[in-house]
Amino acid sequence: MLDVTKLSAAYGQVTAIRDIDLAISEGGILAIIGANGAGKSTLLKTIAGQLPTKSGSIVFDGDDVSGLPAYERARRGIIMVPEGRRLFASLTVHENLQTALSAKRKGAWTLDAVYDLFPLVAERKDRRAGNLSGGEQQATAIARALVANPRLLLLDEVSLGLAPSIIGELYASLPIILEQGTAILLVEQDVSRALNVSDEVHCLLQGATSLAGKNIALSEISAAYFGTERDS
Amino acid sequence: MNLLDPLIQGILLGGLYALFAAGLSLMFGVMRIVNLAYGDFAVLAAYGTLIVVNAALISPLAALLIVAPAMAVLGYILQRTILQRTLGLSPLPSLLVTFGLSIIIQNLLLMFGSADQKRLSLGGVDTASITLPFDIRVGVFPLFIFLLAIVILSILSWVTAKTQYGRLVRAVSDDPATVDLQGVNPKQIYALATAIAFGLVAIAGLAAGVQTSFNPTSGSMLLIFAFEAVIIGGLGSLWGTLGGAMILGVAQTVGAAFAPAQQILAGHLVFLLFLAFLPNGLTRRKVRA
């Protein structure tokens, strides 16, 4: 469904990611791991269209979307939960969810279905998003993305700064999302948590792929993660 | 001295200022654009109405049915082609560009019109009045404009609070980049907001043209009144803007009751008092970073 080939992107003159290849199929999940500044968020932003593609291609459902603006990609079903949640602070939780209806995508995730999946969000429905705790905000951000019925859900650092119990709840929702045929591209710093939900990992180091594949041993991953020599 | 009369006249005058300020407040609230050409667009709309009235021999109110949509379309195109390019972290480009537009409009009007005062007339309604108790006479047209301002502000605040477009307007003023991620083109939201603001400025231009008079350079004064109303009322609050407009109107008419020549000055002084002691305005909402 998503085929990224030799993708590079830059902030001004500074290349942030280079020659990334990755693919993900319908209902599949892929975890992108790597240290701070490895280019994980940049990769997601480039796929979502918040950063322009410098070279390479992003083929989604057979079309190269790398030249399309972010809102056009969202309408085709590439929906990102951005780093730092980015809720609309002056809107209520319910209104935040309603904004995603503008992607005009029909599917299983109606407002009611999303509230059923996240009871925590349903309870806070009429609160202003700016007054929520971090965990509530993150759940709301994922809920908002789901209302747009994504074909591909991009999750950026879902667990960052949250209590372990909330992280567990959020991660428990991922299999249910996958069941609806939505593919997930997950950025995560916590390698063991990433491996819990995804067999396949893609490790970035200083903007380039250092390791990619399925069922890789943790020792090999940590070498690729930190860029240390592999013992063999 | 009877202060009740200037008080009531001032409140009605506030209706006119609120009509002006609503569009300015909308553009600032959504895009953080300070449109320095706003008053000149009102004057442009008044001249446009005058042209339609003379050409088609219809009442200014009927002409508004042509001029207001035309202004809205102009606003939409202007936003998509010029103003959109000035949006960014710095407010300077939009200030410079709208200041430039202001000069261009004033000079075009001088070229194609003339420098003398013009008026729009609704016939007998212009001077008709009703008498209230205590022998206070209220002009029918100012009363109509005041009620119109309340109706328009009610519609605007209903749209912002309850409709999907209104939610997106508030969302885009919180965080445009994230609206993009929801499948909405922020530029489209901006252009529609500008179209609404320009439709409003056409109505306000007509109202000012009937109630007072206008010439190619009277836009600047209208802009200042609208600004003062927005600041006194508190940025980003429509009903605050109405309150601010009424305070400004009352300050001017009460000031005029004491010193007829110092009407405008009295308004400015009250505005300065607000800046000094209540800089967030009546509604006291903190300006979001």
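In which sense do strand β3 and strand β9 of chain A pair? Select residues 29–34 and residues 200–205 of chain A: these strands pair in the parallel sense, over 4 bridges. Strands are DSSP runs (E, at least two residues), as helices are (H or I, at least four), numbered from the N terminus; two strands pair if DSSP finds at least two bridges between them. Within this pair, Ile32(A) stands opposite His202(A).

This is a predicted model, in which local features need pLDDT of at least 70 and side-chain atom pairs count only at pLDDT 80 or more, while totals for chains, interfaces and linings use all residues. Residues are numbered from 1 along each chain as its sequence is written, and chains are lettered from A and ligands numbered from 1 in the order in which they are written.

In the hairpin of β9(A) and β10(A), with 2 residues between the strands, Gln206(A) takes a positive phi near 50°.

Now turn to the open sheet of 4 strands in chain A, ordered β2-β1-β4-β5 with antiparallel pairing. β2 (14–24) and β5 (63–64) of chain A stand at the edges with a single partner strand each, so one side of each has no neighbour in the sheet. Select β1 (residues 2–11) and β4 (residues 55–60) of chain A, which 5 bridges join; here Ser8(A) stands opposite Ser55(A).

Finally, select chain A with chain B: 22 residues of chain A are in contact with 15 residues of chain B (C-beta atoms, placed from the backbone, within 7 Å).

Terms used: Two residues are in contact if their C-beta atoms, placed from the backbone, lie within 7 Å.
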